Amino acid sequence: LSWTFYLLSQHPEAAARLHAEVDDVLAGRPPAMSDLPRLPFTRMVLHEALRLYPPAWSLARRAIEDDELAGYPITAGSIMHISLYALHRHPRLWDAPDAFRPERFSDDQVEQRHKFAYLPFSAGPRKCIGDQFALTEGQLILATVAQRYDLALAPGQRIDTAALITLTHKHGMKMIARDRR
């Protein structure tokens, strides 16, 4: 969520649209599960943040048999790394891949996309079992915070990624919370 708030702080038009949606749908009350379908832009913002800054930036898998990938031999037992960070920013898969565009996750655009172009929680039998919980929790928290606050990046912040187990911020991320009430 810190990356989500960072992106919103850098894109005031998206933040304004998010604020308008939560104000309209929630009318000042806390969000509930039943509100989530009526918060599509909130969901799109969260997904776009996960695309640009996937929590697990890289996955490792062991080849179970000899194979070939793009002309390169893969020996059984080899460890293969998949960079989700690179996948989510690949120009053949994403138009303007470094741009923050929540609309990429509108229902019609999701239907047109290759099913393995977006993998913030991996895929297949090793997909994170908590993915739906995380997405639900993330959308509820985002709606709750956006309803009350407008977050701005504190002056003088240097934002660099740190690829640890999860993709985090190297120097921390200080934000200023401005009350919207």
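Predicted model: local features only at pLDDT ≥ 70, side-chain atom pairs only at ≥ 80, totals over all residues.

| Pocket | Volume | Lining by class |
|---|---|---|
| Largest pocket | about 360 Å³ | nine nonpolar, three polar and one charged residues |
| Second largest pocket | about 300 Å³ | 14 nonpolar, five polar and one charged residues |

The largest pocket has 13 residues in its lining, and those that lie nearest its centre are Leu59, Arg61, Met80, Ile82 and Leu119. Two or more lining residues are given by each of strand E1 (58-62), strand E4 (79-83) and helix H4 (84-87), and the largest share, four residues, comes from E4.

The second largest pocket is lined by 20 residues, with Leu1, Ser2, Leu46, Leu50 and Pro55 the closest to its centre. At least two residues of this lining come from each of helix H1 (2-10), helix H3 (40-52), H6 and strand E7 (167-169), while H6 gives the most, with six residues.

**Ser122**

Ser122 is placed in the loop that runs between helix H5 (107-112) and helix H6 (131-148). Is Ser122 buried or exposed? Its relative accessibility is 10%, and because buried means under 20%, Ser122 counts as buried.

When neighbours within four places in sequence are set aside, Ser122 is in contact with Leu59, Arg61 and Lys127. With Arg61 there is also a polar contact of 3.1 Å between the two side chains. Leu59 and Arg61, both contacts of Ser122, are among the residues that lie nearest the centre of the largest pocket.

Key. Residues numbered from 1 in each chain as written. Heavy atoms only, no water. Buried < 20%, exposed > 50% of the residue type's maximum accessible area, 1.4 Å probe, protein only. Polar contact = N/O pair within 3.5 Å; in protein donor to acceptor, adjacent residues only side chain to side chain. Contact = heavy atoms within 4.5 Å. 1 Å grid on protein atoms, 1.4 Å probe; cavity = no way out; pocket = protein on both sides within 12 Å on 5 of 7 lines; lining within 4 Å. Points joined across faces, edges and corners; volume = space filled by probe spheres on them. Nonpolar A, V, L, I, M, F, W, Y, C, P; charged D, E, K, R; others polar.
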